[in-house]
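Reader: I'm new to reading protein models and would like a close look at one part. Could you walk me through a strand pairing, and then show me what else is around in the model?

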Amino acid sequence: MVIAGLVAALGWFPHERWQLRTLQRLIPMVSISDDPIVEQAVEQFEWTQYADYGTVRIGRIERPARLFAGSRRWVQDVPVPPGGARYEAHVGALGEPVEVRVGTSRTSVLEISARAGDWTAVTFDLDASQGATQRLTFEVVSDPEVVTAWSAETVTPLKTDLRAPDVILISLDTVRRDQLTPYAPSLWTTPNLATFAREAVRFDRAIATSSWTIGSHSVLFTGEFLAGSLGYDSRVEPEEYTLPEIFAANGYRTYGVSGGPYTDPRWGLHQGFDEYVVSGARENAREATSRAVEWIRDDPNTPKFLFLNLFDAHEHLELSDDVQRLTGITADIPSILWHELDYRQRPITPDIRMRLLNAYRAELRSIDEHLGQLFAFLKQSGRWDRTVVIVWADHGQLLGERGNIGHAYTLEEELLNVPLIIKPARGTLPAPRTYPHVFQEDDLFSLVQAVAGLKTEAGEEIMGSIAADRPVKRLAFSTIHHDPLPALVAHPRWRSATQWAVRDQTHKIVRDLEGRTVAYDISSDEERIVPLPSTDPLLLPALDGFQSWLRQRPATRTIGPLSPAEIERLRSLGYIR
């Protein structure tokens with residue numbers, strides 16, 4: 001109790017969560033039947049069974065869905081919030097189109113022809129005057145041999161403030177703060193971001209809660225540290241309400257693009273998106289920003305929440321022809337060379353270090369070029385002032401520091417102190433233009449809502465602190481956990497299965513599962529080890545409190561073993577070997 005009181009007094013324990021009450025999850029996604037026709041179609045549909053739901057991938061779009069063969073009819077009672085609601089599902093067919101008929105309480109019938117090989121929206125409005133609960137009749141008409149995918153369904157309120165701003169959350173995967181022009185003006189890596197930052201709030205001590213993708217993204221999307229194993233076989237729980245689900249419940253259309261494997265549906269970050277595009281090529285900034293423009297153009301009148309995970313800066317740094325033409329950089333870091341450097345089979349000489357930096361900066365310059373085109377579209381279309389844009393990185397990257405490259409194994413400063421730049425809508429800008437205080441990533445969950453105008457007590461409190469240029473919290477915490485698999489333990493940068501860190505403005509303490517505790521001075525650009533007594537005496541008990549609090553958190557559930565394809569994807573990106 002003493003430790004808990006101390007940590008609470010320092011302003012660390014999370015704010016009370018705003019509980020969502022309007023989003024309806026109508027049909028839980030369960031395993032498919034033993035129908036042999038369906039079983040034969042599973043591979044063609046790319047249907048995947050996760051812990052308690054299945055997803056179907058058609059083209060590049062993956063959705064939680066059920067599969068069934070032939071015609072099917074069912075009745076469903078749907079709760080309708082005051083003011084009416086919009087029902088939405090998606091249907092896809094294998095081989096031939098299917099006909100969909102929906103009857104509502106008003107006896108009207110909606111008929112839709114769902115084309116084969118693509119997702120077709122089934123969407124209509126429900127009038128609240130017809131009752132708080134309405135009975136819907138669904139019928140799918142097809143040949144017995146045709147397999148249909150029916151996606152998860154949502155009901156969202158119709159009472160939408162059309163003046164609500166669009167929100168674009170841009171995740172720069174594996175991007176370091178000190179390599180971006182807004183933070184390092186001598187580098188011309190990201191001139192468009194530098195221009196963007198002049199209209200925004202730049203956070204100088206934004207601290208990631210983990211040094212790899214799923215850990216950081218899960219906290220951003222849920223506002224919660226997830227205890228237990230956030231390793232290769234864990235995910236965000238379906239019971240968690242995520243940012244896209246909250247925006248959907250407030251009348252937003254929600255769209256997402258996954259750049260790397262750890263933002264794919266397997267790990268639960270797709271929850272709440274109307275459309276979610278799974279990862280493709282590593283250099284995906286062009287595709288992601290182009291899709292954002294298309295989504296906005298296709299439905300200009302409904303507010304949108306967009307999540308774009310840009311993966312270009314992630315290893316390996318093999319530069320495409322487009323990046324080479326744009327930057328003039330041709331000496332890249334192919335996968336074989338990256339592995340040799342990562343496993344210390346080849347030293348990082350000054351020449352190799354410069355080659356690493358140049359290839360990394362070339363990828364950043366390419367990302368910036370595509371972000372500039374997205375920003376230009378928003379300005380030319382008149383939407384810039386009504387759009388919230390958040391640019392954030394989930395973690396950084398080691399580029400030769402202390403003889404290492406990569407991320408995900410440690411809690412070093414180059415990995416945790418990440419870029420965060422927020423442009424509010426309509427020119428409203430909380431002072432100051434730069435925020436110098438420690439800002440912990442789990443507070444971004446509430447801040448994104450507040451900047452968009454979604455009223456929450458936590459968000460309003462955070463906004464007030466930023467506007468007044470006072471710390472939101474005095475301390476920030478980070479953690480990382482991996483199951484000690486032989487391939488991971490063999491890595492030269494392996495330190496411990498679990499590590500925890502606490503920091504203030506000038507110092508950081510890191511402790512691992514074996515009890516080793518190391519203090520660092522982080523007041524300059526590069527961290528350096530210092531004696532533990534030189535740190536604030538409150539840091540160590542605060543770290544004790546953080547570890548104790550995490551142990552009380554519900555453990556995440558695992559999703560079963562990785563498939564051979566998923567293992568190969570992770571191996572190609574250097575996560576495992």
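Author: Let's start with Asp 77, which stands opposite Arg 135 in β10. Strands here are DSSP runs (E, at least two residues), helices are runs of H or I with at least four, and both are numbered from the N terminus. Eight bridges join β5 to strand β10 (residues 133-141), and the two run antiparallel. Two strands count as paired if DSSP finds at least two bridges between them. In general, strands of a sheet pair through backbone hydrogen bonds, either parallel or antiparallel.

Now zoom out a bit. The open sheet has four strands in the order β5-β10-β7-β8, with antiparallel pairing. β5 (72-79) and β8 (109-114) are the edge strands, each pairing on one side only. From one strand to the next, the twist averages 20° (axes are lines fitted to C-alpha atoms, and angles run from 0 to 180 degrees between N-to-C directions).

A quick word on the ground rules. This is a predicted model, where local features need pLDDT of at least 70 and side-chain atom pairs count only at pLDDT 80 or more, while totals for chains, interfaces and linings use all residues. Residues are numbered from 1 along each chain as its sequence is written, and side-chain values use heavy atoms, leaving out hydrogens and water.

Next, the cores. A nonpolar core is a set of buried Ala, Val, Leu, Ile, Met, Phe, Trp, Tyr and Cys residues joined through side-chain atoms within 4.5 Å; buried means under 20% relative accessible area, exposed over 50%, and partly exposed in between, using a 1.4 Å probe and protein chains only. In the largest one, with 114 residues, Ile 170, Leu 172, Phe 203 and Phe 439 touch the most other members. Helix α9 (residues 350-380) gives this core its largest share, 13 residues. Apart from it lies another core of 23 residues, including Phe 68, Ala 85, Tyr 87 and Leu 136.

Helix α11 (residues 444-451) is mostly covered, with eight of its eight residues buried. After α11 comes Gly 453, whose phi is positive, near 95°.

The protein's mean is 86, and 86% of its residues reach 70 or more. Among the elements, α9 has the highest mean pLDDT (98) and helix α1 (residues 2-9) the lowest (45). Where pLDDT is low, the predicted coordinates should not be read in detail.

Key: pLDDT is the predictor's confidence in each residue, from 0 to 100.
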